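Dear colleague,

I am handing over the structure we spoke about, and my notes on it follow below. Please read them with the coordinates open.

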Amino acid sequence: MEDLILSRYTRLFSTQEDNQIVYLVYNSRTNAFVKLSKHIYDTLDACKSESFSTLSPEQIKTLREAKMLVVPGEDEAYVNQCEMKTHLDTFSPTHLSLSLAPTAACNFRCPYCYERSRPNITMEDATIDHLIRFINNHQRIQTLHISWYGGEPLLGFKTLQKIVRRIETECTARLTSQGMVTNGYYFTDEVIDFFKKYTFTGVQITLDGPEEEHNKTRILHNGEGTYQRILTNIRKILSELPKTQVSIRVNIGKNNHHVYPLLYRELKASLSGKFNIYPGFIRVDDEQETRLICDSMEAKDRISFYNNLEKEGILQVGYFPRLNKRRTCVATSVGGYVIGPSGELYKCWNDMGRPDRIVGNIRHKRLTNPTLCNQYMIDGRWTSDARCRTCFFLPICDCGCAWQRLRNKYHEGNYDVCTIYKEKGIEYFLQMYYKKRRKKSAPHEQIY
């Protein structure tokens, strides 16, 4: 028999069921989750190659296919494969992903907004000329994705229209998808008619809770509430743009998490069409931007939040992990930029409007801050963290926020960039999943 060892991605644990101990095994590389006999559990738990000889050839075959048992060096080869995939995604020359802010202006006066102090600049025609040249200078790209951002992007709707039309007629790259982050207030019939003609993949609109709660914070400059108009516009989008995925983000912090069930039920009852509602956990950084403070929902708070939602019957929480195939973002991709209304280039949304975080300008061929750009694409990735290379959670982790990784490395930050599954351990989530599954369907496959 070939020399075998227990994979680092294999986790053995037990739980109680009908006053009996149930033995379980999970592998994060394949997402295989299996109920075991006590004999096999004890054999694997011993982690000795010679003890595996007591297993039948069929049992060995099943455990090998699930990558629970591997040959020495196989786990390291998998990490190298993941690293190579990340390198290829990072330096892919065929895709360009742009987060475009046609304007920095906003019609809202939200008290918590980090953009309130920024000048109300709108992209000029000369800057659009440079933008088209910037896109065409990426001669090897085949596909282009745009995320419209701001400010409030629809305050620059005329500019947005010019950009889309010129990309369609003047750029060799094909605009394969575009989405928008908007407050939803100016999603008028004119905007809807425009996006009927052009690819519009998805839109994210934010609410702060039911009407009374929302209208305390997401207000116009004159103090008026915005809830009813936004809801009316969401209904229009769902009706007129049925192929567009509408995502309703609900800002959630420690002080308002109780409003989510109320809003969830209200929206489910009053809306129809292709939409999803999800909690957007508020992130509040300290003044030095080194850690989360006050109202921020950390991992333990998010776990408690989801558990309470399930207890209230709001939703069925998907405790079971998903394999993560992509571990890059705009910040860590050579073909990813955030472009401000003056043509300034950033690598991350969090940096927009901050002169010290500008890496270049679309008017110029060379970057003005290649050091920061390189930091994002090298140090912002999981591949720069030796702990990730040996981590059990690597296959099911998105590997965290690049901006936070840079704050940790260069600014004495203390951000947690790990998956939520690490907070209580994978055993906690798998036991929750197992108990739910046992109530609803047949038991898991068992290896005898």
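Predicted model: local features only at pLDDT ≥ 70, side-chain atom pairs only at ≥ 80, totals over all residues.

On the aromatic side, the structure holds 29 aromatic pairs. One of them joins Phe187 and Phe200 in a tilted arrangement, with 6.1 Å from centre to centre and 40° between the planes; the two residues are 13 apart in the chain, Phe187 lying in the loop between strand 8 and helix 6, and Phe200 in the loop between helix 6 and strand 9. Both Phe187 and Phe200 are buried. Tyr260 and Phe305, for their part, form an edge-to-face pair, 5.5 Å centre to centre with 70° between the planes, and this pair links helix 9, which holds Tyr260, with helix 10, which holds Phe305, across 45 residues.

There is also one aromatic cluster made up of Phe13, Tyr26, Phe33, Phe320, Phe392, Phe393, Tyr433 and Tyr434. Over the ring of Phe392 sits the charged end of Arg11, 4.0 Å from the ring centre, while the charged end of Lys347 sits over the ring of Tyr337, at 4.7 Å from its centre.

Finally, Arg357 is found in the loop between strand 13 and strand 14, and because its relative accessible area is 8%, under the 20% cut-off, Arg357 counts as buried. Its side chain makes a polar contact of 3.2 Å with the side chain of Asp351, and the residues that Arg357 touches include Leu345, Tyr376, Trp403 and His411.

Terms used: Residues numbered from 1 in each chain as written. Heavy atoms only, no water. Helix = DSSP H or I, 4+ residues; strand = E, 2+ residues; numbered from the N terminus. Buried < 20%, exposed > 50% of the residue type's maximum accessible area, 1.4 Å probe, protein only. Polar contact = N/O pair within 3.5 Å; in protein donor to acceptor, adjacent residues only side chain to side chain. Contact = heavy atoms within 4.5 Å. Phe/Tyr/Trp six-rings, centres within 6.5 Å; stacked < 30°, edge-to-face > 60°. Lys NZ or Arg CZ within 6 Å of the ring centre and 35° of its normal. Lists of a residue's contacts leave out its neighbours within four places in sequence.
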